[in-house]
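User: I want to learn how to read helix packing and chain contacts in a model. Can you take me through one, feature by feature?

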Amino acid sequence: MAGPDTIISVKGLVTRLGGKLIHDHIDLDVRRGEVIAIVGGSGSGKSVLLRSIVGLMRPAAGSIDVFGEDVLAMNENAMRALQRRWGVLFQDGALFSSQTVAENIQVPLREFTDVPQVLMNEIAAIKLAMVGLGEDAASKYPSELSGGMRKRASLARALVLDPEIVFLDEPTSGLDPIAAAAFDQLIASLQKSLGLTVFMVTHDLDTLNAICDRAAVLVNKKLKVGTIDEVRRDPDPWIQEYFAGPRGRAAMRQ
Amino acid sequence: MESPWFHLDRSGQSLRLTAGGPWTVYHAAAVDGALRRLDPKDATAAEIDASGVEALDTTGAWMLLRTKCQLAAAGLTITAFKVPEDFKPLLQVIESDQPPPPAAVVTRDTFAAYLEHVGRASHSVLIQGLGILGYVGRITIEWFKTIYAPQRHFRLIATMHQIEEVGINALPIVGLLMFLVGIVLAYQGADQLKRFGLDIYTVNALGIGVLRELGVLITAIIIAGRSGSAFTAQIGTMKVNEEIDAMQTMGLNVDDVLILPRVTGLVIALPFLTFYADVVALIGGALMCYFDMGITFPMFIRQLHQAINLDTFLVGMIKAPVFAYVIGMVGCFEGLNVERNAASVGKLTTRSVVESVFLVIVLDAAFSVMFSILGI
């Protein structure tokens, strides 16, 4: 049963894509203030799970509760209220290409608050500083930024309303190892200082070891959840291959 | 929901600021202005007591810190800065990042920006024109190479596929539209000429109008919208996916594989489509003539026979391959110009259609001038 500090609760989720079964009755509880990573092979439906929780896809069966409210049965107003309480970082940032970084960050402020423009500019600058981007990034367009900078800018946009949960879709994919490690540290430090709950989809074993409290592995349409050590002891061949393969061992040694 | 608040108490030289309520981004507007206007007057020391704050997020924390910096900058000594224990970590995050100057949001509505825009636009039109010209030249050279060594450069199957795609698959839409154009022309012509009792000359107007100008022009415009845009989108998508780069590294000639089949296919298909469009438009016109004025089909044919000769037909047909060449060329050129992002595909597809329709109409005008000089 969901405990008092359960912030996301997925029960009996069944997802079908084009007639193919992706998730077969999966359950998942995410606790307030933890960093949880969804791991799994390509095409195993990790991103689909994330998209279902944030309401971009509708599952065939099951329930998804966020902050104790059923996302699937929500009306538009309740959904809008909920959407202020989470931020989503998409794989390549998904910054609006026609707007500068500062304008991108201010989109949620314009939409949900009546903050005056002067203060919005200050907020954009603080958020940029928080994600480690300089002030010169503010007036740039997304196409002028590198992949790592786009992700940081997008994280700043996701954080602008001080959400309680952030969803990260493969936060370190496409980054070089140094940038990826720096991004991991950024997420970890923001998580601590802002008290965030982080729900991430990742392939990256280093991220998993460095900053995640728990992992949920999607294998054979089922989800296996536990601390990293618990999950690692699971006899499932894919999990063994994942953690005990050369990359897994290298990541664990650190 | 309650609002954030703050009070100022002055006692002699010292200032005391008490704050409370929810200091979050949703309520920031209520206190931001007043905080900015805060006037320390002759105070020399200040104390900030935010222990009554019930909720604090980055925006609220920033406003508190900004006020502190503002007072310090005005020469006051900050004697105390109290915040509830829970919120200390958050304040530290922002403080450690040192209050940055506000992010600049560029305003783009000045006169200078307008002038710059005009300048840039003119420059890009010029560059674009030169680019197309250079490209037309290059493809023409490729074409001659194909004629010299067809077995190496010519892709029969790809060309056939393009003929099917741009020609045969376009038959329904071209047919329907040209049929309607024929009806409209006949109706309008009849409406005017009836007043002079010259009903039968509707056939002349229709025949000459369709065969010389409208048949080929409207077909070309439809094809520019249908196939020119498709060329840009297809090649552009391949560019985004790095498929074009992959081809080049494998030693495939992009011009041979992608461009020539498309342009050749279009140059072959458009004259046939034009012929078909002419026939359908005349049938539409004949039908309208019969229902509107009682001109029977044999009468229509007889009158048409007197009104037009082979030249009328050929003048229209000769334009078809030229228009096809231009449409295909612009479509492929813009496709290859696509940058590696999805937005660029859409932008250049639009541009490709606008440019090819523009060029088709300009060329049509040029043909008219040429034919009038030649007296055809």
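This is a predicted model: local features need pLDDT of at least 70, side-chain atom pairs count only at pLDDT 80 or more; totals for chains, interfaces and linings use all residues.

User: Which residues of helix 6 of chain B meet helix 10 of chain B?

Analyst: Helix 6 of chain B brings B:Ala158, B:Thr159, B:Gln162, B:Ile163 and B:Val166. Facing them in helix 10 of chain B are B:Pro261, B:Arg262, B:Thr264, B:Gly265, B:Leu266, B:Ile268 and B:Ala269. By class, this contact of helix 6 with helix 10 of chain B has seven nonpolar, four polar and one charged residues.

User: At what angle do helix 4 of chain B and helix 10 of chain B cross?

Analyst: Roughly 95 degrees, and the axes of helix 4 and helix 10 (residues 254–293) of chain B come within 11 Å. Angles of 65 to 115 degrees count as roughly perpendicular, so helix 4 of chain B is roughly perpendicular to helix 10 of chain B. From helix 4 of chain B come B:Ile139, B:Glu142, B:Trp143 and B:Thr146; from helix 10 of chain B come B:Asp255, B:Ile259, B:Leu260 and B:Val263. The contact of helix 4 with helix 10 of chain B divides into five nonpolar, one polar and two charged residues.

User: How does helix 4 of chain B pack with helix 12 of chain B?

Analyst: Helix 4 (residues 111–148) and helix 12 (residues 310–337) of chain B meet at about 110 degrees, with axes 10 Å apart. That again makes the pair, helix 4 and helix 12 of chain B, roughly perpendicular. Helix 4 of chain B passes helix 12 of chain B in a right-handed crossing. The contact joins B:Gly131, B:Ile132, B:Tyr135, B:Val136 and B:Ile139 of helix 4 to B:Met329, B:Val330 and B:Phe333 of helix 12 of chain B. Its classes are seven nonpolar, one polar and no charged residues.

User: Now a single helix. What span does helix 8 of chain B reach, and where is its kink centred?

Analyst: Compare the span with the expected one, then look for bends. Helix 8 (residues 201–240) of chain B has 40 residues and reaches 55 Å from first C-alpha to last, close to the 58 Å expected. Helix 8 of chain B has a kink of about 55 degrees, centred on B:Val210. Just after helix 8 of chain B, B:Glu242 takes a positive phi of about 65 degrees.

User: How many residues does each chain give to the contact of chain A with chain B?

Analyst: Chain A gives 28 residues and chain B gives 24. On the chain A side, helix 3 (101–112), helix 4 (117–130) and helix 6 (177–194) of chain A each give two or more residues. Helix 4 of chain A supplies the largest share, 11 residues. The side of chain A that touches chain B divides into 16 nonpolar, seven polar and five charged residues.

Definitions and conventions
Residues are numbered from 1 along each chain as its sequence is written. Chains are lettered from A and ligands numbered from 1 in the order in which they are written. Helices (H or I, at least four residues) and strands (E, at least two) are DSSP runs, numbered from the N terminus. The expected span of a helix is 1.5 Å times one less than its number of residues. The bend at a residue is the angle between axes fitted to the seven residues ending there and the seven starting there. Axes are lines fitted to C-alpha atoms, for helices over the stretch in contact, and angles run from 0 to 180 degrees between N-to-C directions. Angles under 35 degrees count as roughly parallel, over 145 as roughly antiparallel, 65 to 115 as roughly perpendicular and the rest as oblique. A crossing is left-handed if the near helix is turned anticlockwise from the far one by less than a right angle, and right-handed if clockwise. Two residues are in contact if their C-beta atoms, placed from the backbone, lie within 7 Å. Ala, Val, Leu, Ile, Met, Phe, Trp, Tyr, Cys and Pro count as nonpolar, Asp, Glu, Lys and Arg as charged, and the others, Gly among them, as polar.
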